[in-house]
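Subject: Structure handover

Hi,

I am passing this structure on to you. Please open it first, then read the notes below.

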Amino acid sequence: MVSASAVRVRGLWKRFGQQVAVGGIDLELPAGKFIGLVGPNGAGKTTTLSMVTGLLRPDQGSVEVVGHDVWRDPVEVKARIGVLPEGLRLFERLSGRELLGYTGRLRGLPGEEVDKRATQLLDVLDLAGAQHKLVVDYSTGMRKKIGLAAALLHNPEVLFLDEPFEGVDPVSAQTIRGVLERYTASGATVVFSSHVMELVESLCDWVAVMAAGRIRATGTLAEVRGEAASLQEAFLELVGAGVRDAGSDLDWLGGGSR
Amino acid sequence: MSAPTTPAAPVPSGSSGPPVPSGASITPVFVRLKLSLLRNGLRQSGGRRAAYLASLVVVLLFAALQLIGLIALRGYAHVDSLVVLLAAVLALGWAVMPLFFPGGDETLDPTRLVMLPLRPGPLVRALLTSSLVGIGPLFTLCMFAGSVVAVAHGGAAYAVGVVGAVLALLVCVTLARAIAAANVRLLTSRKGRDLAVLSGLVVAVGAQLVNFGAQRLGSSGLGELDPVADVVRWVPPASAVGAMDAASDGSYGVALAQLALTAAALGLLLRVWARHLTRLMTTPDGSTLQNDTEAVRERGPAGAARWLPAGRTGTTMERTLRYVWRDPKTKAAWVTSLAIGLIVPVFNAWQGTGSVYFACFAAGMLGIQMYNQFGQDTSAFWMVAMTISSTRDAYVELRARALALLLITLPYATLVTVLTTAMLDDWRKLPEALGLSFALLGAMLATGAWTSARFPYSIPQEGYKNVAPGQVGLAWVSIFGGMIGAALLCAPVIALTIWLNVSAGAADLGWVLLPVGAVYGAALTLLGLRLAAPRTADRLPEILTAVSKG
């Protein structure tokens, strides 16, 4: 059932006015892996993920998820993917539990099944105590967790997460991490974007590096890291932001004369 | 605005050192702080300055006009009732202002001063004095001055008038402050911001009521006010105005009692305020105490939702209906529609100027709620978009939203029509009016569904704007184009109504319009949904982009 690649992107372009957000990327993401899409702010990660998940129409190019074209075959694709976008709201005037009930039923799951899964997800994600509070009153970490629960509810084959750890406290981050690790261990694919290299290095087994709307490197963590000591260093080299010698510019800073 | 040359935001107690500042030394500091805040607020942007200056000019103009008006009314019968009630209305305004416009005055939030070593007594004095600086107090003072001129006759009355005006002003300001202090938690919370969104609605509906009230007064004279005023003149701060009137009539005992009542109210309010201030300054604020203010909302899966159909239809209906109640923007829009849809036909009927056909106003106002359906979702529309993969999904989604609306609008439009008919006692026309209402409602739902798909726009969640900047044209096309379209779609039913009314032999056939209108409206709705569904399914990313600008 699971094809060799979870996501296949061909010649994907997106311009906003004069600015090229995504400049013709080709990408093949293997199935069953924990995949990190890394890049500095403004690299085009969110735009790419939005186009891959069908939330943004590309100017050009094709996207296939688990062998189905996102734009020609939305029925097959939407049932198989889960999404946690960045910068888009949830239905925040619902309580956490109501939000899950709503999402699951819209996805066509039977009511009792939705309620059962919601209870378990709320439990595992440590949200049981806040399940009857409105999402609008949730903290950032709680929002990410309830968003993740909503994305997982229909047991998707591929999960797309845009900056799932941004602004999340360490405890919630650990909870999210645990759930995601368990999910990929069962053979599912997680694609998540981040600009925190340590996180990607510790979580992912496959990495795609993006900068200025293009893919700079792809492969297993070891392949992308290459000779460098850490992913951080390899990344800085790839995007052309090597460590500048700042010594002479700020020589007055710290110690010595005031 | 007078602007003394002082450094901005001075630190309390100019002298450095540990001693706790006394009242005398911090009062001028607070006044200067208030002036600095006003001035710095103006400095922020040209638009804000223009808005402030414009409102200042309007308020001053209004204050001058009512001052002149009150002076002109001097000596007229019933003017005493008028000024007493004006004072009461003004006090009511002061009481609700901080709840609806919490952002207006930063000094309203005393928790900002919590780090400073201040005692409640001096703090209350300083805050009260600084509260007297601003447009609001100036306007209030103008009005009380006008009241004195309008009702006072003789030296004693003027003396009582001056004391009364000052007391009344202090009561108004203290009332506003005490209520603000008692509700600071609310004002700085999400619920407070929700409440602020609803304030526009109170103003809109209040204006309608005042309009009709003024019309009634215009037709039957100020004498109608007397019985109410006789009670209100004993309620502070209107009692201060009552005292001026009593002193003019020579009833000095009554005047003194009313003044004393006002003073007692002021004392009481000051005490309440000081107590709340002390509690606020000595307990941790909401940001350190998490989860204590928000009550847990228990909503079982049972309840009325059980009666909704299963699947996407029931799920979407439930969510839509929950949002009508819980989302402040949606709620404000609904209550406005419900209120104006009722007020216009019913009040016109009450005044005897109405017609049964005015009842269609309710259907028209409520039908507007179908417009910009996805804009009402805000960028959370992505959650819907992720589950729509076919035209069928889009059709069921739109149909569910229309059904949720019908659950409220159908009985309501019927009720308003029946009520209007009853008031006009024109029962023969009831089927016609109902038929027209249903046809119009159907047409509004149809055009609403179609424009939701074709011309979606963002509704900003904060503030009073209902359209995101840059999308005003889109909103106009959507709403007005849609309404004109709806009117045109109703033309056949309107034509039939006119024909039945003018042709001699068809006068008894008016009842035909009820089934015709209902079926026609239903058919229009279905057609509109059918046409809107493929557009929605094809344009999901475009709709999401359009509604995500808020």
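This is a predicted model: local features need pLDDT of at least 70, side-chain atom pairs count only at pLDDT 80 or more; totals for chains, interfaces and linings use all residues.

Chain B in general

Chain B has 22 helices and zero strands. It counts 550 residues, and 40% of them are buried. Take the contacts in chain B between residues at least 6 apart in sequence: 81% of these join residues at least 24 apart.

One helix of chain B

Have a look at α5 of chain B, residues 135-151. This helix has 17 residues, and at 1.5 Å a residue they should span 24 Å. The C-alpha atoms at the ends of α5(B) are 25 Å apart, which agrees. Which residues of α5(B) are buried? They are B:G136, B:T140, B:M143, B:F144, B:G146, B:S147, B:V148, B:A150 and B:V151. As background, residues three or four places apart in an α-helix point the same way, because there are 3.6 residues a turn.

Where the chains meet

In chain B, 27 residues are in contact with 26 residues of chain A. Three helices of chain B, α12 (311-326), α16 (381-385) and α22 (540-547), each supply at least two residues of the side that touches chain A. The largest share of that side, six residues, comes from α12(B). Sorted by class, the side of chain B that touches chain A holds nine nonpolar, seven polar and 11 charged residues.

The sheet in chain A

Now turn to chain A. Six strands form an open sheet there, in the order β6-β7-β8-β3-β9-β10, with mixed pairing. Which strands stand at the edges? They are β6 (81-84) and β10 (214-220) of chain A. Each has a single partner strand, so one side of each is left without a neighbour in the sheet. From one strand to the next, the twist averages 15°.

β10(A) pairs with β9 of chain A, residues 206-211, in the antiparallel sense over six bridges. One residue pair to find is A:W206 with its bridge partner in β10(A), A:T220.

Helix α1 of chain A, residues 45-52, lies across β3 (34-38), β7 (158-162), β8 (189-194) and β9 of chain A. Relative to β7(A), helix α1(A) runs at about 150°.

Best wishes

Terms used:
Residues are numbered from 1 along each chain as its sequence is written. Chains are lettered from A and ligands numbered from 1 in the order in which they are written. Two residues are in contact if their C-beta atoms, placed from the backbone, lie within 7 Å. Helices (H or I, at least four residues) and strands (E, at least two) are DSSP runs, numbered from the N terminus. Ala, Val, Leu, Ile, Met, Phe, Trp, Tyr, Cys and Pro count as nonpolar, Asp, Glu, Lys and Arg as charged, and the others, Gly among them, as polar. The expected span of a helix is 1.5 Å times one less than its number of residues. A residue is buried if 20 or more other C-beta atoms lie within 10 Å of its own, exposed if 12 or fewer, and partly exposed in between; C-beta atoms are placed from the backbone. Two strands pair if DSSP finds at least two bridges between them. Axes are lines fitted to C-alpha atoms, for helices over the stretch in contact, and angles run from 0 to 180 degrees between N-to-C directions.
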